[in-house]
Amino acid sequence: MASNATTVLPTPPTPPCILVLQTPLLPFLSDNILATILPTIVYAIAAAFFHLLDTYNLFSYWRIHPSADELKRNHVTRWQCLQTVIRYHVIQISIGLLLNYVGGNEPTLVGDESCRIQRAADMISYARNLIPMTLAIVGIDAKKLGVAMKGTSAGLAQVLAGDYLSSEQNRGFTSFELSLAKLVIFIGVPMFQYLVALTVVDTWIYFTHRLCHVNKTLYRLVHAQHHRLYVSYAYGAVYAHWLETLFLDILSFVLAGEIAQLSARQSMLFGSFATIKTISDHCGYVFPWDPFRLVNNNGAVFHDLHHQSWGLKYNFSTYTVFWDNLLGTTWADKEGADKRYQRVWELTAKRSQTTDKEIAATTDRSTERAVAEGKEL
């Protein structure tokens, strides 16, 4: 059995990584500060886009509610809503700047790229060396097997054989190890960090949001403010009590960033994604190409249903449907919800409170909207 053991050449020692200063994306602003204000900028742009749709009655066919329903059912004016939304962003930016100040707003230091790749390749190579040794234990000559497979799959052959390249440029690592190391460093690790951050935020918001509905005092004193918008619109997405702003929204992202160890640039992307998702949930439109609905069924109608008096105890999730599905709080009566929405359009049309364009759209709304919304309702 010993004769079948494959010789594994040692890798060269890994030099210590030298940290270098990362050049800011904007020369006049640190990445940390940009990560703090970027979600507000994204919010303003996205909200302005949907406000234009509302103002000029564009894509009215895809509105969840008739435009007249907003004036009739909402318990807060648009101006009052805007004032609260501005307060939300002032609080958000202030806390972000405070955290940066407490942390010293230190410039971002990153390891030399080649060093990071080599360190990852070191770990991969160590794990890879276990393969030929393990095969040798059961009497398989891994090197011969690798040579036999070289013509079919060079990468797999390298894994099985345990041979290293002698190229000085590759510092003794195989091309497979270096390629896998780059994949891990530039895609695998960041995606894992985003997944952890999303899990933290989604879990925190689901349970704190649900608590605000279960506890009558919390609902009455805090969360009821957000539900004054029965017919939501884009820039009212973060219309909420200041305590909800702090403990449900901002705290969830602070925790996610710390637990997932997101860099400033990763925080920019994650914060911008979350902002667009929140705007989309409250925009009041259900587009057939909505990516959030297509990916995991949590889109505008999913959340709008929660804003209705008959859906308050359902659909608490913001980013995924995992917790709602697991704990049985997903609205399941798709046909019933569709009929309720359709009834609103029909009543509004009869009262002549919608535009001619919207009234004409109600004649075939049930069939066509069922196609667009069927997966979500």
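Helices α10 and α12 cross in a right-handed way, where right-handed means that the near helix is turned clockwise from the far one by less than a right angle, and left-handed means anticlockwise. This is a predicted model, so local features need pLDDT of at least 70 and side-chain atom pairs count only at pLDDT 80 or more, while totals for chains, interfaces and linings use all residues. Residues are numbered from 1 along each chain as its sequence is written, and side-chain values use heavy atoms, with hydrogens and water left out.

Let's stay with that pair for a moment. Helices here are DSSP runs of H or I with at least four residues, numbered from the N terminus. On the α10 side, S280, D281 and H282 make the contact, and on the α12 side it's A300, H303 and H307; contact means heavy atoms within 4.5 Å. Sorted by class, that gives 1 nonpolar, 4 polar and 1 charged residues. For the classes, Ala, Val, Leu, Ile, Met, Phe, Trp, Tyr, Cys and Pro are nonpolar, Asp, Glu, Lys and Arg are charged, and the others, Gly among them, are polar.

Now for the other pair, α1 and α3. From α1, residues including N32, Y43 and D54 take part in the contact, and α3 brings in residues including R78, H89 and N100. The class count for this contact is 7 nonpolar, 8 polar and 2 charged residues. The crossing of α1 and α3 is right-handed too.

Here is the geometry of both pairs. Axes are lines fitted to C-alpha atoms over the stretch in contact, and angles run from 0 to 180 degrees between N-to-C directions.

| Helix pair | Axis distance | Angle |
|---|---|---|
| α1 (residues 31-55) and α3 (residues 78-102) | within 8 Å | roughly 165° |
| α10 (residues 264-282) and α12 (residues 300-307) | 7 Å | about 60° |

So α1 and α3 are roughly antiparallel, whereas α10 and α12 are oblique. Angles under 35 degrees count as roughly parallel, over 145 as roughly antiparallel, 65 to 115 as roughly perpendicular, and the rest as oblique.

S67 sits in helix α2 (residues 67-73) and is partly exposed at 28% relative accessibility. Buried means under 20% relative accessible area, exposed over 50%, and partly exposed in between (1.4 Å probe, protein chains only). C212 is buried at 9%, and C283 is buried at 3%. The disulfide count is 0, a disulfide being a pair of cysteine sulfur atoms within 2.5 Å.

Key. Helix = DSSP H or I, 4+ residues; strand = E, 2+ residues; numbered from the N terminus.
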